[in-house]
Amino acid sequence: MAEIFYDDDADLSVIQNRAVAIIGYGSQGHAHALNLRDSGVDVRVGLAEGSKSRAKAEAEGLRVLSVAEATKEAEVIMILVPDQVQRKVYAEEIAPNLADGNALFFAHGFNIRYGYIEAPAGVDVCMVAPKGPGHIVRREYADGRGVPVLVCVERDETGLAWELAKSYAKAIGGLRAGGIRTTFTEETETDLFGEQAVLCGGMSHLVMAGFETLTEAGYQPEMAYFECLHELKMIVDLMIEGGISKQRWSISDTAEYGDYVSGRRVVDAHVKANMKAVLEDIRSGAFAERFIADQDNGAPEFLALRAEEAGHPIEATGKELRKMFSWLKEGTDTDYVEGSAAR
């Protein structure tokens, strides 16, 4: 069983006695900065020149500096910029300004696990990774609750890294819900696998394959959309509330029986073998190398795949059907397009 930390296991004063720099002010960055500030921590935000996030951070009363200036001032540096740019920001603006006794923090282990960032001797390397998007991390903290976090220490150069990591986790509200002790390797490999094989890659392509199967058999695309995509939220919500068992308890006997006899025909031993191959690419570093090489080259494969998948017929069908959903916030269908360009 995993070791789990709660508020009583951490001393908030540890992080309150450190100067903290949050590098980046996106989804996670804004939540960490604001929650730390409200927990009595001396926090500043490090942003690139001309960052569109500067005005947002300053509007919250946060001090905004360059990444280099923020690093010079801070003893704890939490890096919350995208995986593919972390090593460049680190090499150019963070590494030259680190001092013995500093701590590098991450919310995902990618760059440490694959060796794209190597901290110097005398610097602790820790992770506090909320298991939820930043807006929920902030909302739950403001409401007196918290989002569970993963807590890791890769290098404990000072002998104080674990106490510091737990204190940071407490300050952003994570230990109100619970902090699970893990490692950079375990967090990175399971995170990438879950995204690729189940949550994003697996789910998206299962939905598209189901849509194609029905439309190719002559069924209306609107019917295929409702049955293969729209009702997915209901099923996932039930799983979140009570696991797979509650989902099966809540559906009809017909649906439950079909789950048992047909689900394993779709997700069979061949699918699991493919999942194992995906995991091997993650563990060997092959996926990381492919991703970083593509990003360094201007992301031609990434952008081509994005355009190809965006052109799938299910997207056009869904765009029209969602106009019928009065409960969706106006503009929802365009928000993500704008957001993707700003990531």
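Colleague: In this predicted model, is Ala299 buried or exposed?
Modeller: Let's work it out from the surface area. Ala299 has a relative accessible area of 8%, and buried means under 20%. Because 8% falls under that cut-off, Ala299 is buried.

Colleague: Where is Ala299 placed, and what is its phi near?
Modeller: Ala299 sits in the loop between α16 (286–296) and α17 (300–310). Most residues other than glycine have a negative phi. Ala299 is a residue other than glycine with a positive phi, and the value is near 60 degrees.

Colleague: Now for a helix. Is Gln86 buried or exposed, and which residues is Gln86 in contact with, leaving aside neighbours within four places in sequence?
Modeller: Gln86 belongs to helix α5, which covers residues 83–94. The relative accessible area of Gln86 is 3%, so Gln86 is buried. Leaving aside neighbours within four places in sequence, the contacts of Gln86 are Ile79, Val81, Phe106, Asn111 and Ile117.

Colleague: Which element gives the largest share of the largest nonpolar core?
Modeller: That core has 36 residues, and Ile22, Leu36, Phe105 and Tyr168 touch the most other members. Several elements supply at least two residues each, including β2 (19–23), α2 (27–38) and α8 (161–171). The largest share, 7 residues, comes from α8.

Colleague: How many residues are in the other core, the one that lies apart?
Modeller: Ala21, Ala70, Leu98 and Ile112 are among the residues of this other core.

Technical notes:
Residues numbered from 1 in each chain as written. Predicted model: local features only at pLDDT ≥ 70, side-chain atom pairs only at ≥ 80, totals over all residues. Heavy atoms only, no water. Helix = DSSP H or I, 4+ residues; strand = E, 2+ residues; numbered from the N terminus. Buried < 20%, exposed > 50% of the residue type's maximum accessible area, 1.4 Å probe, protein only. Contact = heavy atoms within 4.5 Å. Core = buried A, V, L, I, M, F, W, Y, C linked by side-chain atoms within 4.5 Å.
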